[in-house]
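Hi there,

Here is the structure I promised to pass on to you. Please open it next to this email and have a look around before reading on.

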Amino acid sequence: MSEYINRERALEILNDIGGCGAEPESYTAGWDEAINAAYEAIQDEATADVAPVVHSKWEICCDGYYPYCKNCMAEPPGREMTKYCPNCGAKMDGTPCE
């Protein structure tokens with residue numbers, strides 16, 4: 001399964017690490033070159049089309065029978081409590097809504 005990171009945050013990390021301002025041909029020049037190469041490679045990398053995961057859970061209505069999605073308040077068709085809400089797409093893993 002692929003994992004995704006925030007490009008701006010990755011570039012911030014590289015900026016925080018930063019180069020040491022080494023003189024060309026010096027022992028530490030490779031460090032500056034590596035940081036710069038990594039920075040440029042991350043900037044040039046194509047972006048992925050991803051969406052954040054919405055978490056929710058099925059809640060049982062006060063009558064004790066009708067389930068509904070805590071995120072969008074919709075009832076599932078046929079009262080079947082599936083792993084995802086068919087209305088809003090929330091992942092029904094029991095974690096609180098954000």
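Below are my notes, going from the whole chain down to single residues.

First, some ground rules. This is a predicted model, where local features need pLDDT of at least 70 and side-chain atom pairs count only at pLDDT 80 or more, while totals for chains, interfaces and linings use all residues. Residues are numbered from 1 along each chain as its sequence is written, and side-chain values use heavy atoms, with hydrogens and water left out.

**The whole chain**

How many helices and strands are there? The chain has two helices and four strands. Both kinds of element are DSSP runs numbered from the N terminus: helices are H or I with at least four residues, and strands are E with at least two. In sequence order, the pattern reads α-α-β-β-β-β. The chain is more spread out than a compact globule, because its radius of gyration is 24 Å, well over the 13 Å that the globule rule gives for 98 residues. That radius is taken over C-alpha atoms, and the rule is 2.2 Å times the number of residues to the power 0.38. Along its principal axes, the C-alpha trace spans about 75 × 20 × 20 Å.

Of the 98 residues, 17% count as buried. Buried means under 20% relative accessible area, exposed means over 50%, and partly exposed lies in between (1.4 Å probe, protein chains only). As for contacts (heavy atoms within 4.5 Å), residues 24 or more positions apart account for 39% of those with a separation of 6 or more.

**The nonpolar core**

Which residues make up the largest nonpolar core? They are Trp58, Cys69, Cys85, Ala90 and Met92. A core here is a set of buried Ala, Val, Leu, Ile, Met, Phe, Trp, Tyr and Cys residues joined through side-chain atoms within 4.5 Å. In soluble globular proteins, nonpolar side chains tend to be buried together.

**The loop between β3 and β4**

Strand β3 covers 67-69 and β4 covers 91-92, and Met73 is found in the loop between them. Is Met73 buried or exposed? Met73 counts as exposed, at 53% relative accessibility. Its phi is near 70°, a positive value in a residue other than glycine.

Arg79 is also found in the loop between β3 and β4. Phi of Arg79 is near 60°, again positive in a residue other than glycine. With a relative accessible area of 35%, Arg79 is partly exposed. Not counting residues up to four places away in sequence, Arg79 touches Tyr65, Tyr66 and Pro67. Arg79 and Tyr65 are 14 residues apart along the chain, and their C-alpha atoms are separated by 8.7 Å.

**The two helices**

Arg9 has its place in helix α1 (residues 7-17) and is partly exposed, with a relative accessible area of 41%. The C-alpha atoms of Arg9 and Gly78, 69 residues apart along the chain, are separated by 44 Å.

Asp32 is found in helix α2 (residues 29-44). At 13% relative accessibility, Asp32 counts as buried. What does Asp32 contact, leaving aside its neighbours within four places in sequence? Its partners are Gly19, Cys20, Gly21 and Ala22. The C-alpha atoms of Asp32 and Val53, 21 residues apart along the chain, are separated by 37 Å.

Best wishes
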